[in-house]
Amino acid sequence: MKQGLLFPDLEKEKRLYPRAVNVASVPQRSPFRYPGGKTWFVPTFRRWMRSMQSKPSVLVEPFAGGGIISLTALFENLVERAVMVERDEEVAAIWQAVVNGHANWLARRVLEFNLTRDNVIRELSKRYKDCKAVAFQTLLKNRTLHGGILAEGSGFLKHGENGKGISSRWYPKTLARRFENLSSVAPRIEFICGDGFQVLHKYARRQDVVYFIDPPYTAGGKRAGQRLYKYHQVDHERLFGICERLKGDFLMTYDLAEEVKQLARAHSFEMKPIAMTNTHNAEMTELIVGRDLSWMTDAPTIREKRAAYRTRAKKIRARSDKEK
Ligand SMILES: C[S@@+](CC[C@H](N)C(=O)[O-])C[C@H]1O[C@@H](n2cnc3c(N)ncnc32)[C@H](O)[C@@H]1O
C-alpha cells in the first residue's frame with residue numbers, strides 16, 4: 001500500500017516552503033561535527049531572534065550538543081549570555097574546558113597532534129582526570145569516528161573524505177582557529193553538565209530568556225536519536241508540558257512524526273515544516289514547533305482538519321470575545 005503524504009498540500013507539484021539552506025554559507029563556529037547538528041537552522045534562528053520586540057538577555061539551550069545555535073547567538077550578539085546544558089559527559093568536557101579558559105590550550109593541542117590511526121588509539125586508551133585532556137579525547141573521537149557519533153558501537157572512519165580515512169575530518173588549523181575564537185565568547189557561556197529539564201524549570205519564570213530546544217529525536221518516526229546519542233531517552237510529553245509554562249518564547253525542532261504533531265496539537269502550539277539537507281545530501285523535512293510562528297513568513301503553518309494550533313494570544317483573545 002502506498003503511504004499517504006503527511007502534508008499533501010505542501011508536497012504536491014510545487015513546494016510552498018523554501019529549499020534547504022546551503023550550510024556552507026553559515027559560519028561554522030563549533031569544534032564538533034555533531035550528529036543532528038543544527039547549522040542548517042542558523043538563518044531561521046537569526047530571523048526568529050530579530051523578529052522579537054526586545055532583545056532577550058539569555059538564550060537557554062537545554063540539549064546543547066555541538067552548540068551551534070548558542071555560539072551563533074553569542075558571536076552575533078543576539079543575546080548577552082547563553083546557558084548551554086548537555087548530559088553527555090564526554091561532550092560536556094569540551095564545553096567545560098572552553099568555559100574554564102582552556103580553549104587556547106585545546107587549540108595548541110590540536111596543532112601539535114600528529115593524527116595517525118596508532119596515535120589516536122594510543123591517546124584514546126589513556127585515562128585522564130583532567131577535564132581539558134578528556135575534552136581533547138572527545139574531539140579526537142568526534143573527528144575520527146564514523147558520523148562523529150560518540151555513542152557506543154561507533155567505529156573509525158574507513159574511507160572518509162577523498163579516501164583520506166581517519167584523518168579526513170581533521171582540519172587542525174580550522175579547528176585551532178575555532179577554539180581560539182571560542183575563548184572570546186567563553187566568559188558569556190554558562191555551561192551545565194546535567195539535565196536540560198531542570199534548567200528549563202529554573203529559568204521558566206524569566207521573561208528575558210528564550211529557549212532553543214533540540215531534543216534527541218525519539219518521539220516517533222525513525223527514532224534516529226537512539227543510535228546517535230548516549231543519552232537519547234527524553235520524556236517528550238513532559239517537555240511539551242514544561243514549554244507551555246515558560247514565560248519566555250521558545251522554539252523546538254523535531255522530526256516530522258505523527259507523535260510530535262499530536263503533542264503540538266495537544267498543547268496548542270504552532271508547527272511549520274522546514275527543509276534541511278542531511279549528511280547524505282538528501283533533502284528532508286523537519287518540524288519547527290513554537291507558540292507563535294507568524295515570523296516564519298515563507299513557510300505555511302500546518303493546519304489540519306482539527307485546526308487546533310492557536311497561539312496563547314489567540315486563545316486569550318478568543319476567551320475574552322466569548323466573555324464579552
Ligand atoms: C539533537 S542533539 C542536539 C544537537 C545540537 N542542537 C547541535 O546543533 O549540535 C540532542 C542532545 O541532547 C543531549 N541530551 C539528551 N538528553 C538530555 C538531557 N536530559 N539533558 C541535557 N541534554 C540531553 C544528547 O546527548 C544530545 O547531545
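Two residues are in contact if their C-beta atoms, placed from the backbone, lie within 7 Å. Axes are lines fitted to C-alpha atoms, for helices over the stretch in contact, and angles run from 0 to 180 degrees between N-to-C directions. The model shown is predicted: local features need pLDDT of at least 70, side-chain atom pairs count only at pLDDT 80 or more, and totals for chains, interfaces and linings use all residues. Residues are numbered from 1 along each chain as its sequence is written.

**Figure 1. Overview of the protein chain.** The protein chain contains 12 helices and 7 strands; helices (H or I, at least four residues) and strands (E, at least two) are DSSP runs, numbered from the N terminus. Of its 324 residues, 39% are buried. A residue is buried if 20 or more other C-beta atoms lie within 10 Å of its own, exposed if 12 or fewer, and partly exposed in between, with C-beta atoms placed from the backbone. Among contacts with a separation of 6 or more, 67% are between residues 24 or more positions apart.

Figure 2. Seen here is an open sheet of 7 strands with mixed pairing, in the order β3-β2-β1-β4-β5-β7-β6. Its edge strands are β3 (189-193) and β6, each of which pairs on one side only. Direction ignored, neighbouring strands of this sheet are turned by 20° against each other on average. Helix α8 (residues 196-203) lies across β1 (58-61), β2 (81-86), β3 and β4, and runs at about 145° to β2.

**Figure 3. Strand β7 and its two partners.** Two strands pair if DSSP finds at least two bridges between them. Strand β7 (residues 283-290) pairs with β5 in the antiparallel sense over 5 bridges. Within this pairing, leucine 251 has glycine 290 of β7 as its bridge partner, and methionine 252 has valine 289. Strands β6 and β7 also run antiparallel, joined by 8 bridges. Here the bridge partner of alanine 275 is threonine 285 in β7.

**Figure 4. The buried side of helix α1.** In helix α1 (residues 42-50), the buried residues are Val42, Thr44, Phe45, Trp48 and Met49. They lie on the same side of α1 because they cover an arc of only 160° around the axis; the arc is that of the directions from the helix axis to the C-beta atoms. The elements covering these buried residues include α2 (68-75), β4 (209-213), β5 (250-255) and β6 (270-277).

**Figure 5. Leucine 71 in helix α2.** Leucine 71 is found in helix α2. This residue counts as buried because it has 26 C-beta neighbours inside 10 Å. Neighbours within four places in sequence left aside, leucine 71 is in contact with Arg29, Ser30 and Val185. Isoleucine 189 is 118 residues from leucine 71 in sequence, and their C-alpha atoms are 9.0 Å apart in space.

**Figure 6. Helices α4 and α7.** The axes of helix α4 (residues 103-112) and helix α7 (residues 172-185) come within 8 Å and cross at roughly 170°. The two helices are therefore roughly antiparallel to each other; angles under 35 degrees count as roughly parallel, over 145 as roughly antiparallel, 65 to 115 as roughly perpendicular and the rest as oblique. On the α4 side, Ala103, Asn104, Leu106, Ala107, Val110 and Leu111 meet Pro172, Leu175, Ala176, Phe179, Glu180, Leu182 and Ser183 in α7.
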